[in-house]
Every structure is written in structure tokens, then in C-alpha cells.
Amino acid sequence: CYTKGISYARLTRSVVQSERTRNILIAHSAVPYTNAVETMEQLRDIDESARIFCITSYGSDGEKYTKRGKEIFGDRFVAVDQYMNYDQYVEFLSTIDVAVFGMDVVHGRDTIELLFWQGAKVYLKPNTEIWQRFEAMGYRVEDYYRAKDQSLEELLDNPNEEWNRAIAADEFDPDIKVKQWRELYEYDFENGVNNWDNYPVQ
């Protein structure tokens, strides 16, 4: 199987991140593997000035997550229950300061890389599949279990922002992405060579 580990990721335009707004995202969808209710419990004592966002427009547990989120956080819980097109989603992620994701499996990779690219701080469970994947890619990921013990100031402090942003930027660099696509689609499988070296990136 020939692969460069690339996806059909859009050639995304950059969005200038808003000022820090104390927005925390706990799930990229409302499906059981996100373990969003567990994350709500982890963050139940967080500073009252923080707002907790959860995507509920996709997945079977939207109502469950909304109900529990309101019980724990009250009006500070925001169920994102409207579908967004891709540009709207990128704009939304640019307002997120911190993501605390409780899944164990590799899902939501595009969302996490967009968060890194926008300058967000990302917490994942150590030694899970998703943690290991991003560590292997060079990202500096925070420990999910430490989030509940940190002050909001500590939670928002992001010394690895530029490091992670630089890695993520390559995923959304048009020149690199087009070159990867050409390598994939213009690969000569019969002779085991690529044919894109003679083509300039437009």
C-alpha cells in the first residue's frame, strides 16, 4: 500500500486567532468514544469564568451531553448543535483556547491539528492511541488528567503554542499539500517511481 499519511484536507486559509476568551472544547462530536461526560466530570470545578463547548450536532449522544453539561456547568455550557460548513468550523475553532479530549482512539485528527494550527492548547490521555499518534508526529501534548488540578491561568498558559503551530502549519501549507497529492496521484505503481518532480507547484 502506498501512502504518505495524507488526507483530503482542504487547502485551508489561515484564521487569526481571537484574543483569549476562556473557551474550552471537550468533544469534536457527540459519539460515545469521546467520553465527553467523563471530561465534564474532570472539569466540574473549573473557574466559573470558563465556558465549556461541546459539538452536539454530530453523533447519537447530543441530547445526553447537553443535559449533563447544563447540569454541571449551567449556562456556561455551550452545546454546538448547528451544523457548520468547513470555513465556519475553522472560524469556530479559532475561538477555542483549550481542548480537553477524553477519547482513547485515533479520531478527530483534523480537528486537533486545526486546533494546534490556531494556537490552542490540547490535552489528551497519556499513552492512548491518539496521544501516541500526536507524540509521534512531534506535537507537545498536555496530560488530560492534570487539567482538573490546574488553575484556569495554568490551563490557558501555552508555552508550546508556536512549536505545535509550526508542525500543524505543514499540514495546511498549499505547496506541501499539492506536492503530496501529486506524489500520490501521479505515482507510477508499475515502475515504482513518481512523475511529479518535473511539475512545478502552482
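**Exercise 1.** Work out how the side chains of Glu-161 and Arg-165 meet, and whether each residue is buried or partly exposed.

*Solution.* Start with the contact: Glu-161 and Arg-165 meet in a salt bridge at 2.5 Å, N to O (a side-chain nitrogen of Lys or Arg within 4 Å of a carboxyl oxygen of Asp or Glu). This is a predicted model, where local features need pLDDT of at least 70, side-chain atom pairs count only at pLDDT 80 or more, and totals for chains, interfaces and linings use all residues. Residues are numbered from 1 along each chain as its sequence is written, and side-chain values use heavy atoms, with hydrogens and water left out.

Last, check accessibility: Glu-161 is buried at 16%, while Arg-165 is partly exposed at 22% (buried is under 20% relative accessible area, exposed over 50%, partly exposed in between, with a 1.4 Å probe and protein chains only).

**Exercise 2.** Find which parts of the chain the salt bridge between Glu-38 and Lys-125 links.

*Solution.* First, the distance: the closest N and O atoms of Glu-38 and Lys-125 are 3.1 Å apart. Then the locations: Glu-38 is in helix α1 and Lys-125 in the loop between β5 (121-124) and α5 (129-136), distant parts of the chain, 87 residues apart. Finally, Glu-38 counts as partly exposed at 30%, whereas Lys-125 is buried at 5%.

Note on methods. Helices (H or I, at least four residues) and strands (E, at least two) are DSSP runs, numbered from the N terminus.
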